[in-house]
Amino acid sequence: MSSLWHRVDESLAERDASGLRRTLTARSAESTLIDLSNNDYMRLSQHPEVIAAGQAAMAKWGASAAASPLISGYTEAHAELEARLCQWAGFSSCLVWNSGYAANQAVLGRLPQRGDLVLADRLIHASMIEGVLHSGARLQRYQHLDLGHLESLLEQHTGDERDVFVLTESVFSMDGDYPDLAAMAELKARYGFIWIVDEAHAIGWYGAKGSGLVEEAGVAEFVDVLVGTLGKGLGSMGAFTLFRKVELREYLINFANEFIYSTYLAPASAAAASKAVEIAEAMTEERVQWRQRSRDFRSAIAEAPDGDSPIVPVLLGPADKTMAAAQELLMSGFRVGAVRPPTVPANSSRLRISLNTGLTEGQLEQLTAVLQEVAR
Ligand SMILES: Cc1ncc(COP(=O)(O)O)c(C=O)c1O
């Protein structure tokens, strides 16, 4: 047998033996389940004006960008989205990407280089890790949210490396917590690193204008690259990067293969996202209300940590217990994420409950009651 087939069989058998084999299930549009598994926090994927903007752009541009961006895939719909995002978040320069995964791989694969040092929160997303590994820079992790540890690594840094980068998510995707960004900005002022913040799960939910935790903490002027996604709080598809210095945009346009050699994001997705930004900006009351609902919901579930983000982890530990709890919730009409290793560390399997502004109070109460039963 060829070594490929041998490796495939062995790897899948290992997953079976550990009970961690993943399977893919197609979701039905007719499903009546209450869905708390997606990242559509502001419910904008279902907003009639967002849908109408996407439909109008599809009628105008067709279903595809039909080319990579440097050839002819970059359209006025993409340029308008960039301008809107810059204005929203207070940055001077923006670039739109096909996905957050591609954006992170490109930014972290191209900006740091061999000879640089990258200090990253221990729990940052796989897309950032992969980028850094590709860059050849030295990667060191600091304990999750532990800025004392980050500072000690900054102090220990001997100055041998050319540049130091610091990477964090704002809201962490599997834990729903976030670092003290104002304190990180102070560290930046003291140590002078290049600061990259992934706001994938904060966009829409935080900030007076809804552009995220960087806005809320008032630290936009310290952030060198802000990575955001369009497919989560903005209910569309794709991603963006905001730059403090316009030269970084030019550099990535010239050197990021993820950008250069891929058919560009459909104009309809860009137009839907532009409309979503406009609507998200005005959702001030929803933001206040839903952060409070997040706090209240968490306080009723013993296994959930305090917080106010849309991501509520319900920590159950063993993978089989987590899968069984998710199944019981399904039987009660709720779809939630069940997250197991290797996505999260061993014995920290959890239900990942994503709140969204479309849920009713009655549904949340019902969910709380079911969770209290199944989490035992
Ligand atoms: C923190 C973070 N960054 C980036 C991504 C990737 O974004 P996308 O889904 O647009 O590829 C994710 C995806 O879940 C994420 O959680």
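Guide: Domain 1 and domain 2 bury about 1,800 Å² between them, 55% of it on carbon and sulfur atoms. Buried area is the accessible area (1.4 Å probe) that two parts lose on being put together, summed over both. In domain 1, Met 42, Arg 287 and Arg 291 lose the most area to domain 2, together 28% of what that side buries. This is a predicted model: local features need pLDDT of at least 70, side-chain atom pairs need 80 or more, and totals for chains, interfaces and linings use all residues. Numbering starts from 1 along each chain as its sequence is written, and side-chain values use heavy atoms, without hydrogens or water.

Visitor: Into which domains is the protein divided?

Guide: Domain 1 covers 25-42 + 283-374, and domain 2 covers 48-281. The bounds come from an automatic or database domain assignment.

Visitor: How many residues of domain 1 are in contact with domain 2?

Guide: Contact means heavy atoms within 4.5 Å. Here 22 residues of domain 1 touch 22 residues of domain 2.

Visitor: How do I read a salt bridge?

Guide: Side chains of opposite charge can pair when their charged atoms come close. The rule asks for a side-chain nitrogen of Lys or Arg within 4 Å of a carboxyl oxygen of Asp or Glu. The count comes to 15 salt bridges. Between domain 1 and domain 2 there are 2.

Visitor: Which residue does Arg 291 meet in a salt bridge?

Guide: Glu 216, at 2.9 Å, N to O. Shared partners join Glu 216, Arg 291, Arg 295 and Asp 308 into one network of salt bridges.

Visitor: Where do Asp 175 and Arg 350 lie in the chain?

Guide: First, the pairing: their side chains form a salt bridge at 3.1 Å, N to O. Asp 175 sits in the loop between strand S5 (164-169) and helix H8 (181-191), Arg 350 in strand S11, 175 residues apart. Helices (H or I, at least four residues) and strands (E, at least two) are DSSP runs, numbered from the N terminus.

Visitor: Is Arg 350 buried or exposed?

Guide: Buried means under 20% relative accessible area, exposed over 50%, partly exposed in between (1.4 Å probe, protein chains only). Arg 350 is at 3%, so it counts as buried. Asp 175 is buried too, at 18%.

Visitor: What does the side chain of Asp 40 reach?

Guide: The backbone nitrogen of Leu 44, at 3.2 Å. Asp 40 lies in the loop between strand S1 (34-36) and helix H2 (48-61). Asp 40 is buried, with a relative accessible area of 6%.

Terms used
Polar contact = N/O pair within 3.5 Å; in protein donor to acceptor, adjacent residues only side chain to side chain.
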